[in-house]
Amino acid sequence: MEHVLEKIKLTRKERGYSHEFMAHELNISQVAYSKLEKNNTKLTVERLFKIAEILDVEIGELLDIRHTNQFNQTNKESATAYLQQTANFYQENKEQNQKIIQLYEARLQDKEKIINRLEGLIN
């Protein structure tokens with residue numbers, strides 16, 4: 001997660017965006033954004049998508065997923081080569097989806113902890 005946050009920070013600085021600008025675009029306080037970038041609060045998947053939109057980058061770039069295949073198929077290529085490229089494309093998307101699923105699962109675990117704490121306070 002720290003790597004993703006570092007990538008966000010570097011991209012934000014490259015674009016010349018301040019914490020205040022990012023906070024305004026995310027509809028949160030500057031302090032809340034600062035805490036997010038310092039990993040003091042959890043980054044939700046929804047917020048990650050919004051940050052990527054603000055920074056005008058692909059989610060894969062923030063998650064450091066590189067697309068290495070180019071689809072330059074000509075009529076002379078065999079069907080086997082095409083199927084291999086399709087399999088590689090599927091694998092790249094699978095890795096990206098797995099990272100997003102991990103982020104969701106971490107958020108669900110956090111919510112479960114909060115629920116347990118609140119239940120403990122009620123009892």
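Me: Why are helix 2 and helix 4 called oblique to each other?

Reply: In this predicted model, the axes of helix 2 (residues 19–26) and helix 4 (residues 45–55) cross at roughly 120° and come within 10 Å. Angles under 35 degrees count as roughly parallel, over 145 as roughly antiparallel, 65 to 115 as roughly perpendicular and the rest as oblique; helix 2 and helix 4 are therefore oblique. Local features need pLDDT of at least 70, side-chain atom pairs count only at pLDDT 80 or more, and totals for chains, interfaces and linings use all residues. Residues are numbered from 1 along each chain as its sequence is written, and side-chain values use heavy atoms, with hydrogens and water left out.

Me: What makes the contact of helix 2 with helix 3, and why are these helices called roughly perpendicular?

Reply: Helix 2 and helix 3 (residues 30–37) pack at about 105°, with axes 8 Å apart, and are therefore roughly perpendicular to each other. Contact, meaning heavy atoms within 4.5 Å, is made by H19, E20, M22, A23 and L26 of helix 2 and by Q30, Y33, S34 and E37 of helix 3.

Me: How do you know that the buried residues of helix 3 line one face?

Reply: Y33, S34, L36 and E37 are buried in helix 3, buried being under 20% relative accessible area, with a 1.4 Å probe and protein chains only. Seen down the axis of helix 3, the buried residues fall within an arc of 160°, so they line one face; the arc is that of the directions from the helix axis to the C-beta atoms. These residues pack against helix 1 (2–15), helix 2 and helix 4.

How values were computed. Axes are lines fitted to C-alpha atoms, for helices over the stretch in contact, and angles run from 0 to 180 degrees between N-to-C directions. Helices (H or I, at least four residues) and strands (E, at least two) are DSSP runs, numbered from the N terminus. Buried means under 20% relative accessible area, exposed over 50%, partly exposed in between (1.4 Å probe, protein chains only).
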